[in-house]
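Biologist: I would like to learn how to read a model like this one. Please give the general idea each time, then the case at hand.

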Amino acid sequence: MTAAIEIRHVSKHFRLYHEHYGSLKERMIHFGRIPSEDFVALNDIDLAIDEGTTVGILGHNGSGKSTLLKCMAGILQPNAGEIVTRGRLAALLELGAGFHPELTGRENIFMNASILGLSKRDISAVFDEIVDFSELEKFIDMQVRHYSSGMYVRLGFAVAVNVDPDILLVDEVLAVGDEAFQRKCLQRVKQFQTEGRTIVCVTHAPDLIRRICDRGIVLDHGSMVIDAQPGEAVRTFRESLLRSGLADPTPEDAETEHIPSHGGRMAASATHRVKITRVTIEHPGLLVDRHALLPNEAMTIRVGYHASEPTEDLLFGIAIHDEDGNDVFGTNTKVAGVPVPIADGDGQVTFDFEHVPLLDGTYLITLAIQSNDEGTVYDWSDQQHHFSVMNPERTLGLVALPLQVRFDTPYAERLEGSGS
Amino acid sequence: MPDSATRAGRAARDARVVRPRISVVERFRRIAAYHELLVGMTRKELKVKYKNSILGFAWSLLNPLLYLIVFYIAFVKILGSGVPAFPIFLLSGLLVWNLFSIGLSAACTSVVANSGLVKKVAFPREILPLAAVGSMLVHFFLQGAVLVTVLAIIQWSVAWEYVLLLPLALVALLIITGALGIMLSAINVYLRDTQHFLELALLAWFWMTPIVYGFMTIGRRGGLFAKLYMLNPITPVVLVFQRALYNRLNNPKITPTAADPRANQILPHWAITGYLAYLGYAFLVGFVLFAIAIAIFGRSEANFAEEL
């Protein structure tokens, strides 16, 4: 099998100016002493991507993943090394595919496709398909500056996938557009895979890598950290995120939401007669310096509390949410039928999970101390703590359902009989 | 959809290398390979330029007409310029100058103006300034056609042997304009002053080119100034156009007479070989500039996508 893309010892530096001295006057004033530093965006990247494979590049912001993609696309030239690509290459970088705002959608399709190397006749032949795919029939003769960002992306994707590329480079684009369109894009990506085209995608979304890629590459500060099976790459990525103190991207609604959430209201109404003083999360991985759980590992959450005066009829609650704030699990001492001792001074409650049957993701924990009738909130820690689960396998979804697959046909018996 | 066999064939044919530097020869090869895109981009430039304007292409003709009115009043009515048939003289030079100056201005800003494309798609970026010049070439032909029509209507006698030199002069002009356009478009990405500086430079350049006054005003003086003046590579192109279209020397309508003391002050009295030799100088400058331009462009192109 030949390599569709060969990246040979590619390095790329940028000079970062702390201020942009774009005019001659400023350059003269600051001549020779413009404060700058050399920023290494890519550091000796060496890899070959085989024809017909789908490779995902993971990395946090500034890791160089988009720079690498731009170098592959030929938009940036590396400072050292070279990249060989074989076949027609279509790239979708961030928003849109390079449209001219003053031209109509129709004119942009022709211009864009001709840049990708199609003749006028070729373009006319696929024009209808492009318009169909983008679902922009009504707007195709409108200047694209009037397009919404979603329409822009749709048109860009439609052009890129309909010009019969041998190599498709995609940067984060699958994350935009409505769900129906995303599904359509994924379908097309899968069709491309069966047709033996090469796909390279850059994403923050580890789930996508696991779903569509044959291979995952993790970049960190311009260097390649790992080049492995998607599951392993995703795990490495998550671990490096945790190590660098960056949690997985948490939902932004927390900041943008102005109406206080249920949890926020509860937290605000807390009397603090009994206060949560300390929360620790323990799991076996910590012993080996692994910050995330594996599916089905045990986890213990200890909550220390302090009662400023003797308080009885308490109720302790715990809830686990996914990153979007959906409840994954929730219970309390009343539901569980556990008697609660009178609190006076310091105390501790331990929640022991025998195993946590969750797959990938970061999960948030809400803890509550209330009166037994739930009329008074003593303390409410709303999604303040979190833990992560990393799935080394290629299973999808949220829950690790125990599963055994069995065939009851003679064919399967023969297979088993042959001893595998 | 091609099967995998034809895809492999295409892959072998379309192999592309991204390197820190590519040779000048390779650059020319790439530009040539994208000639279809150059045509498309030129068309795009034309479309975009007059989008949302009511008069559209008419502006292309109004511009020289307005110049003509202003210069006619200033030079003929106020300063009493003795150039006979001044409108024809002015328009034959202005035709050349507009292609050069407007083409160069458009080329200078072309990379910045098309940042959306530069940041997203790979293609030889030289196409952008070249397309800007290309779109001006279309206007040139439009303006030229109108001028020729006017000359035909008034039965103006042109110098046919010099008309044959016109395509050659045009090619020289395109090489010079394209070269400077490529050079400035790259510099302008890093130094946005370039486009403002160019405006002033073009103003000075305009007066250093024999468009509103005859070449001989300076040419007959001789001396160092005249020699320096002749270094302007646009001058030979303008002279060939004036010699062919304005045709000062053998036009019966404006043949110099002893009574007219300014009679020989307009075009040089060279044989056609003299004009040809001077045009050769323009070509020489054009080729040198082009090589320098491609080298400068190649050095700075690597970070366009980041600088924009």
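Modeller: Start with pairing: two strands pair if DSSP finds at least two bridges between them. Helices (H or I, at least four residues) and strands (E, at least two) are DSSP runs, numbered from the N terminus. This is a predicted model, in which local features need pLDDT of at least 70, side-chain atom pairs count only at pLDDT 80 or more, and totals for chains, interfaces and linings use all residues. Residues are numbered from 1 along each chain as its sequence is written, while chains are lettered from A and ligands numbered from 1 in the order in which they are written.

Biologist: In which sense do E6(A) and strand E7 of chain A pair, and over how many bridges?

Modeller: Strands of a sheet pair through backbone hydrogen bonds, either parallel or antiparallel. E6(A) and strand E7 (residues 198-203) of chain A pair in the parallel sense, over five bridges. Within that pairing, Val170(A) is opposite Cys201(A) of E7(A). E6(A) also pairs with strand E5 (residues 89-92) of chain A, again in the parallel sense, over four bridges. Here Ala91(A) faces Leu169(A) of E6(A).

Biologist: Which residues of E6(A) are buried on each side?

Modeller: In a regular strand the side chains alternate between the two faces of the sheet. A residue is buried if 20 or more other C-beta atoms lie within 10 Å of its own, exposed if 12 or fewer, and partly exposed in between, with C-beta atoms placed from the backbone. In strand E6 (residues 167-171) of chain A, five of five residues are buried. Ile167(A), Leu169(A) and Asp171(A) cover one side, Leu168(A) and Val170(A) the other.

Biologist: What is the strand order in the open sheet of four strands in chain A?

Modeller: The order is E13-E12-E15-E16, with antiparallel pairing. Strand E13 (327-332) and strand E16 (377-389) of chain A are at the edges; each has a single partner strand, so one side of each lacks a neighbour in the sheet. Neighbouring strands of this sheet are turned by 15° against each other on average, direction ignored. Such angles run from 0 to 180 degrees between N-to-C directions, and axes are lines fitted to C-alpha atoms, for helices over the stretch in contact. Inside the sheet, eight bridges join strand E12 (residues 314-321) to strand E15 (residues 361-371) of chain A. One pair is Gly317(A) with Ala368(A) in E15(A).

Biologist: What is the phi of Asp313(A), and where does Asp313(A) lie?

Modeller: Most residues other than glycine have a negative phi, and most peptide bonds are trans. Asp313(A) has a positive phi near 55°. Asp313(A) is in the loop between strand E11 (299-311) and E12 of chain A. Asp313(A) counts as exposed, because 12 C-beta neighbours lie inside 10 Å. Asp44(A) also has a positive phi, about 50°. Asp44(A) sits in strand E2 (residues 36-50) of chain A. With 14 other C-beta atoms within 10 Å, Asp44(A) is partly exposed.

Biologist: Now chain B. How do helix H5 and helix H13 of chain B pack?

Modeller: Two packed helices are described by the angle between their axes and the distance between the axes. Helix H5 (residues 86-113) and helix H13 (residues 234-246) of chain B pack at about 145°, with axes 9 Å apart. On H5(B), the contact includes Phe89(B), Gly93(B) and Phe100(B); on H13(B), it includes Val237(B), Phe241(B) and Tyr246(B). Contact means that C-beta atoms, placed from the backbone, lie within 7 Å. By class, this contact has eleven nonpolar, three polar and no charged residues. Ala, Val, Leu, Ile, Met, Phe, Trp, Tyr, Cys and Pro count as nonpolar, Asp, Glu, Lys and Arg as charged, and the others, Gly among them, as polar.

Biologist: How many residues does each chain bring to the contact between chains A and B?

Modeller: Chain A gives 39 residues and chain B gives 33. On the side of chain A that touches chain B, E4(A) supplies the largest share, five residues. That side has 17 nonpolar, 13 polar and nine charged residues. Three bridges join E4(A) to strand E1 (residues 16-18) of chain B, and these strands run antiparallel. Thr85(A) has Arg16(B) as its bridge partner in E1(B).

Biologist: What do the buried residues of H3(B) pack against?

Modeller: They pack against H3 of chain A together with helix H7 (127-153) of chain B. Among the buried residues of H3(B) are Leu37(B), Met41(B) and Glu45(B).

Key. Contact = placed C-beta atoms within 7 Å.
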